[in-house]
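Colleague: I'd like to learn to read a model feature by feature. Could you take me through this one?

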Amino acid sequence: MSLNLATLRQQIDSLDHKLIALLNERAQVSLDIGSAKRQTADPLDEDNTHVYIPGREKQVFEKVARLNPGPMADESLCAIYREIMSASIALQKDVMVAYLGPVGSFTHDASMKRFGDSVQYASQGTIADVFEAVERGRCQYGVVPFENSIAGSVVPTLDKFIKSKVKIRAETYLPVHHYLLSKTTTEAIRRVFSHPVALAQCQTFLNSHLKGIELVPCASTSEAAQLASKEKFAAAICNQVCAEIYGLDILHADIEDQQDNTTRFFIISDAWDAPTVSDKTLLMFTVDHRLPGALCDGLKVFKDHNINLTKIDSRPSLIKPWHYVFFVECAGVHGDSEVMTTVIEELHKFCLDVKIVGTYPDQRPQDLRY
């Protein structure tokens with residue numbers, strides 16, 4: 001059967017008219033949902049002020065993938081829905097998202113993939129600045145790196161959780177690929193700028209191609225690109241998008257030590273979301289270091305309640321030398337659940353200063369699940 005190009009284009013035009021009408025109909029329903037929430041909201045209920053609902057978002061993405069018959073790939077369709085939901089969020093409320101900048105950082109990339117293009121973004125110079133922007137109410141949400149699959153935990157983020165009142169509302173994962181960018185050749189490079197974690201992730205390449213070259217740590221990979229763009233014989237290890245943003249050439253691509261390099265980010269705010277079918281919870285506590293087995297007794301509480309711990313960290317409390325704060329992440333349990341309430345009660349028998357840092361839907365990609 002021959003295909004008539006003019007007829008096919010008319011079909012596209014007709015479908016576009018229907019899509020626009022349906023998208024605006026969906027947007028109006030989203031506005032009505034916002035109005036309904038405001039009418040029934042308890043002014044003391046912090047969660048009613050939120051338009052970013054990670055549990056609902058996860059349901060939508062799973063539904064879209066389940067209903068998709070093709071030929072469009074699930075990833076492509078979900079990317080479209082990401083922007084549809086971003087536009088709906090912006091219609092309901094002006095939303096400002098703080099991120100570790102400047103533009104082009106991996107945190108900026110993770111923020112855009114989570115919140116889309118319709119909300120407003122506020123670049124911050126440090127992780128501490130992101131926390132402060134949320135704490136002071138200048139931004140409703142913040143995005144901070146938490147851990148990397150090669151370099152491990154991001155210490156400044158852990159340290160801020162110790163004293164901050166912000167809550168973890170969601171998590172997101174970003175595959176990380178590093179590029180060497182510069183205005184000169186590899187042989188002429190005299191120093192390399194990058195974030196310490198990025199430098200740690202590219203040790204094999206650095207030892208092979210730039211051994212002995214000065215490595216300069218920066219607050220973010222995009223700041224590194226900014227600095228490298230101002231020096232003739234400097235380079236930066238950063239995101240590919242920084243090449244266009246800062247006028248640099250790509251000298252080497254995918255220079256990370258492991259190709260499955262992934263960073264997990266937390267979305268922080270003043271409250272966490274309601275329970276979903278699969279949640280995780282991050283707790284922090286201290287123990288009486290004078291009591292033998294105090295930490296062991298505390299951890300046994302989780303085993304007794306059949307709770308799997310997927311991460312354990314410790315950081316100096318800064319209260320006194322050799323006194324530590326422990327972080328544990330629990331899989332399959334929400335912070336408001338009965339079992340978590342019981343766990344916290346029992347932890348108080350062995351632990352001090354027990355606090356839920358956040359509780360959030362499990363967003364691990366399938367290839368990262370155990």
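Modeller: Let's begin with a term: buried means under 20% relative accessible area, exposed over 50%, and partly exposed in between, with a 1.4 Å probe and protein chains only. Asp353 is exposed, with a relative accessible area of 54%. Before we go on, this is a predicted model, where local features need pLDDT of at least 70, side-chain atom pairs count only at pLDDT 80 or more, and totals for chains, interfaces and linings use all residues. Residues are numbered from 1 along each chain as its sequence is written, and side-chain values use heavy atoms, with hydrogens and water left out.

Colleague: Where is the place of Asp353, and what is its phi near?

Modeller: Asp353 sits in strand S15, and its phi is near 55 degrees, a positive value in a residue other than glycine. Helices (H or I, at least four residues) and strands (E, at least two) are DSSP runs, numbered from the N terminus. Asn306 also has a positive phi, near 60 degrees, and is likewise not a glycine. Asn306 belongs to the loop between helix H11 (294-304) and strand S13 (308-316), and is exposed at 72% relative accessible area.

Colleague: How many helices and strands are there in the protein?

Modeller: Twelve helices and 15 strands.

Colleague: Which peptide bonds are cis?

Modeller: The bond from Gly70 to Pro71 is cis, with omega near 10 degrees, and Pro71 lies in the loop between H2 and H3. The bond from Gly101 to Pro102 is cis too, with omega near 0 degrees; Pro102 is in the loop between S1 and helix H4 (106-115).

Colleague: Asn68 lies in a loop as well. Is Asn68 buried or exposed?

Modeller: Asn68, in the loop between helix H2 (54-67) and helix H3 (74-92), is buried, with a relative accessible area of 17%. Contact means heavy atoms within 4.5 Å. Leaving aside neighbours within four places in sequence, Asn68 is in contact with Ala73, Asp74 and Leu77. Asn68 and Cys78 are ten residues apart in sequence, and their C-alpha atoms are 9.9 Å apart.

Colleague: Now the nonpolar core. What should I look for?

Modeller: In soluble globular proteins, nonpolar side chains tend to be buried together. A nonpolar core is a set of buried Ala, Val, Leu, Ile, Met, Phe, Trp, Tyr and Cys residues joined through side-chain atoms within 4.5 Å. The largest one here has 25 residues, of which Phe161, Phe266, Ile268, Leu282 and Phe327 touch the most other members. Elements giving two or more residues to this core include strand S1 (96-100), helix H5 (127-135), helix H6 (155-163) and strand S12 (279-287). H5 supplies the largest share, five residues. Apart from this core lies another, of 19 residues, among them Leu283, Ala294, Cys330 and Ile356.

Colleague: What is Leu282 in contact with, leaving aside its neighbours within four places in sequence?

Modeller: Its partners include Phe146, Ile168, Phe266, Phe327, Ile356 and Tyr360.

Colleague: And for the protein as a whole, what is the radius of gyration?

Modeller: The radius of gyration is taken over C-alpha atoms, and the globule rule is 2.2 Å times the number of residues to the power 0.38. With 370 residues, a compact globule would come out near 21 Å; the protein has 23 Å, which agrees. Of the 370 residues, 45% count as buried. Among contacts with a separation of 6 or more, 77% come from residues 24 or more positions apart.
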